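Look through the sequence and the 3D structure below before reading on. The notes after them are grouped by topic.

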Amino acid sequence: MINFIYSEKGAFKIKMFLENLPKTLSENKTVFVVKYKLDEDLVAINKIIEEQTVLPKECFYIKKENEFDFKEYFIAILSGIQEELVCFLTTDCIFIDEFDKNKIEKTFMNEPALFSFSLKLGKNIVKNTKVGAKNILIPTEEKDGVVLYDWSKHYVDFGDPFNLHGNVLRRKEILKFSRNLKFNDIFTLEDEMGVFMNFPKNIAACFEDSKMFLIDVKYHTDIFHLFRELLDKRIVTGTFEEETDIIHPNIIETIEQDILIEAFKKINWNEKLA
């Protein structure tokens with residue numbers, strides 16, 4: 001299994017992601033793509049990468065937005081590796097638990113009809129925040145802490161096997177899909193893959209309990225950008241404190257968690273505007 005990690009939303013997201021990355025994934029071969037917009041963003045990004053010890057520094061591929069062809073790079077990477085499984089992650093992913101990746105590999109080996117294995121789904125994910133609906137999970141099989149289900153017969157979170165925020169997929173299948181799609185980042189690739197909803201492999205899997213959640217900032221995008229700038233500034237000056245700057249949820253019932261609301265209240269706007 002290889003990790004393909006994508007980031008374009010600030011150095012503090014990279015820092016949080018790396019500090020919560022499970023050991024079982026940090027041991028994988030990794031490709032970490034970092035896109036940035038402004039030259040000043042690069043200062044904090046380079047500082048994080050230089051100081052971190054979780055992943056080899058040579059696995060990071062840092063490029064300015066619009067200065068490289070993401071699709072071409074993506075296809076070249078997937079074509080040039082031998083690993084059969086790819087764990088797709090973004091720095092919106094925050095892990096809350098360790099897990100046995102051997103169970104993932106074994107499930108793919110034993111289930112030819114398995115299309116994807118989600119790290120963010122589980123029996124505890126009972127709500128969908130995007131449409132305000134309940135998640136209903138009907139397993140076809142449960143064994144050794146792994147749940148199998150027919151994604152084509154599910155809705156909302158359990159009916160979306162093409163999501164690339166914490167999903168493991170077969171390399172050859174995602175490579176075949178991507179060659180025929182137009183995309184310029186991981187998010188547009190994810191959206192475009194919806195055209196394959198009739199793909200014949202209709203089985204998906206997850207652990208009994210979710211292993212991660214996604215940072216959700218859709219309700220306050222503008223203020224989030226200011227918040228990101230502040231935390232990146234703290235990274236550069238060495239004053240970032242995760243335990244006070246970021247609020248983690250106590251109960252995970254949805255794949256998206258708005259962990260930043262309380263953190264916004266702690267912002268010293270005089271510091272930000274200085």
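Is the crossing of α4 and α6 left-handed or right-handed? The crossing of α4 and α6 is left-handed; the term means that the near helix is turned anticlockwise from the far one by less than a right angle, while clockwise would be right-handed.

This is a predicted model, in which local features need pLDDT of at least 70, side-chain atom pairs count only at pLDDT 80 or more, and totals for chains, interfaces and linings use all residues. Residues are numbered from 1 along each chain as its sequence is written, and side-chain values use heavy atoms, with hydrogens and water left out. Helices (H or I, at least four residues) and strands (E, at least two) are DSSP runs, numbered from the N terminus.

**Helices α4 and α6**

- The axes of α4 and α6 come within 10 Å and cross at roughly 150 degrees; axes are lines fitted to C-alpha atoms, for helices over the stretch in contact, and angles run from 0 to 180 degrees between N-to-C directions.
- This angle makes α4 roughly antiparallel to α6 (under 35 degrees counts as roughly parallel, over 145 as roughly antiparallel, 65 to 115 as roughly perpendicular and the rest as oblique).
- On the α4 side, the contact (heavy atoms within 4.5 Å) is made by K71, F74, I75, L78 and S79, and on the α6 side by R171, I174, L175, S178 and R179.
- R171, in helix α6, is buried, with a relative accessible area of 9% (buried means under 20%, exposed over 50%, partly exposed in between, with a 1.4 Å probe and protein chains only).
- Leaving aside residues up to four places away in sequence, R171 touches L78, S79, I81, Q82, E83, E84, L85 and V86.

**Aromatic rings**

- Rings of Phe, Tyr and Trp (its six-membered ring) pair if their centres lie within 6.5 Å; planes under 30 degrees apart count as stacked, over 60 as edge-to-face and the rest as tilted.
- By this rule the count comes to 24 aromatic pairs.
- Why is the pair of F17 and F32 edge-to-face? The planes of the two rings are at 90 degrees, with centres 5.9 Å apart, so F17 and F32 form an edge-to-face pair.
- This pair links distant parts of the chain, 15 residues apart: F17 is in helix α1 (residues 11-20) and F32 in strand β2 (residues 29-36).
- F17 is buried, with a relative accessible area of 0%, and F32 is buried with a value of 0%.
- F70 and F183 also pair edge-to-face, because their ring centres are 6.1 Å apart and their planes are at 75 degrees.
- F70 lies in helix α4 (residues 70-79) and F183 in the loop between α6 (171-179) and α7 (186-192), 113 residues apart.
- Both F70 and F183 are buried.
- Ring pairs join F4, Y6, Y61, F68, F70, Y73, F74, F88, F183 and F187 into a cluster.

**A charge over a ring**

- The charged end of K211 sits over the ring of F207, 5.4 Å from its centre; this requires NZ of Lys or CZ of Arg within 6 Å of the ring centre and within 35 degrees of the ring normal.

**Helix α1**

- Helix α1 is mostly covered, with eight of its 10 residues buried.
- The buried residues in α1 are A11, F12, K13, I14, K15, M16, F17 and L18.

**Positive phi**

- Most residues other than glycine have a negative phi.
- N66 is not a glycine, yet has a positive phi of about 70 degrees.
- N66 lies in the loop between β3 (60-64) and α4 and is exposed, with a relative accessible area of 70%.
- V156, also not a glycine, has a positive phi of about 40 degrees.
- V156 lies in the loop between β10 (146-150) and β11 (167-170) and is partly exposed, with a relative accessible area of 30%.
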